[in-house]
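Thanks, everyone. Let me put the structure up, and then we'll walk through it.

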Amino acid sequence: MGEMKSMQMGVIGALFLSVASSVSIVICNKALMTNLGFPFATTLTSWHLMVTYCTLHVAYKLNFFENKPIDTKTVVLFGLLNGISIGLLNLSLGFNSIGFYQMTKLAIIPFTVLLETLFLNKKFSRKIKFSLFLLLVGVGIASITDLQLNFVGSVLSLLAIATTCVGQILTNTIQKRLNVTSTQLLYQSAPFQAAILFVSGPFVDKYLTRLNVFSFHYSPIVVGFITLSCLIAVSVNFSTFLVIGKTSPVTYQVLGHLKTCLVLAFGYTLLHDPFTPRNIAGILIAVLGMLLYSYFCSVASKSKQGSSESAFIGKDRDTTPLLSQEKENHEAKKLDKHSPV
């Protein structure tokens, strides 16, 4: 019972860390890109991952965690896939309207559910599906303003959805099947994610912004915000792997939409961004969907735990008489052996 409570506290801690760090980095990056005019998102992400790897390497050298070797091919492919998905998401944003980009992010949940159902035989109850539907409708109402379609943007969005879903499912699957921690997996895959973005980032950013990251004027305040963004990113990357490993890719996406609602609310309260009754209604519907999702998942988890415990007790009840009977038979054989003929 104590172990279960400790596990639940670990999950809550991971969720809180993910929300706090993600909202913080959105605020930091918004100031960096909007107010200070630094538009190089893909290159910045490669710096995030390099700083994450360096931080974890120092932690490893200081014996904060043990490194568990993972098959090189698995780590390289996993790292490259995650790096490509980040690049595709940024390209999707560049080629599509903000509304269509939000639709792309919303599509990740149903696509993940579909993949897990088809290939991992995972079951999602109707109640959980309904709560996810409510969440997606709410976030859609709150955040989608315009939908402009184009062929290249649509193809990039489909590729971004596919790579993101597969990457997040693998994040969960690798941790569980290979029995590695989120820290161990992130430590070994971060260099490959950083490498592909470090090489492709300047080209992607130049294509999207018509600006060169190497010719940008790096004032002290810009360097300060980049440094702060990279430090927060260590927590974001760590908590991402932690949440997906402890829960599931779908739960991580639900959490991501909670962050969207928090960022919208923050923008209204502190930055005085435009806010309409539609935004408020959408956020309320989304929050209701999240609460229902949490409740239904909790009920399903307790039901699963209860059935496994009853099965274990039933197994004990079945085996105890058998052991007693074997013992009695053994004693009877001993008496027969030593008794006079």
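F111 lies in helix α4, residues 98-119. Helices here are DSSP runs of H or I with at least four residues, strands are E runs of at least two, and both are numbered from the N terminus. This is a predicted model: local features need pLDDT of at least 70, side-chain atom pairs count only at pLDDT 80 or more, and totals for chains, interfaces and linings use all residues. Residues are numbered from 1 along each chain as its sequence is written, and side-chain values use heavy atoms, with hydrogens and water left out.

Buried means under 20% relative accessible area, exposed means over 50%, and partly exposed is in between, with a 1.4 Å probe and protein chains only.

F111 also belongs to a nonpolar surface patch with L114, L118, F119 and L120. Together they have about 500 Å² of accessible area. Patch residues have over 30% relative accessible area and no salt bridge; nonpolar side chains are joined within 5 Å, like charges within 9 Å. A salt bridge is a Lys or Arg side-chain nitrogen within 4 Å of an Asp or Glu carboxyl oxygen. Areas come from the Shrake-Rupley method with a 1.4 Å probe.

Now the inside. The largest nonpolar core has 19 residues. A core joins buried Ala, Val, Leu, Ile, Met, Phe, Trp, Tyr and Cys residues through side-chain atoms within 4.5 Å. I109, L132, L135, V250 and V254 have the most contacts inside this core. Two or more residues each come from α4, α5 (126-143), α9 (249-269) and α10 (277-338). α5 gives the most, with six.

Take V254. Leaving aside residues up to four places away in sequence, V254 touches I109, L132, L135, M290 and Y293. Contact means heavy atoms within 4.5 Å.

A second, separate core has 13 residues, including V75, L186, Y187 and A190.

Last, the aromatics. The whole structure holds 13 aromatic pairs. Rings of Phe, Tyr and Trp (its six-membered ring) pair if their centres lie within 6.5 Å; planes under 30 degrees apart are stacked, over 60 edge-to-face, the rest tilted.

F40 and F216 are edge-to-face, 5.8 Å centre to centre, with 85° between the planes. Why does this pair tie together parts 176 residues apart in sequence? Because F40 lies in the loop between α1 (2-35) and α2 (41-61), and F216 in the loop between α7 (182-209) and α8 (220-246). F40 is buried at 0%. F216 counts as buried at 19%.
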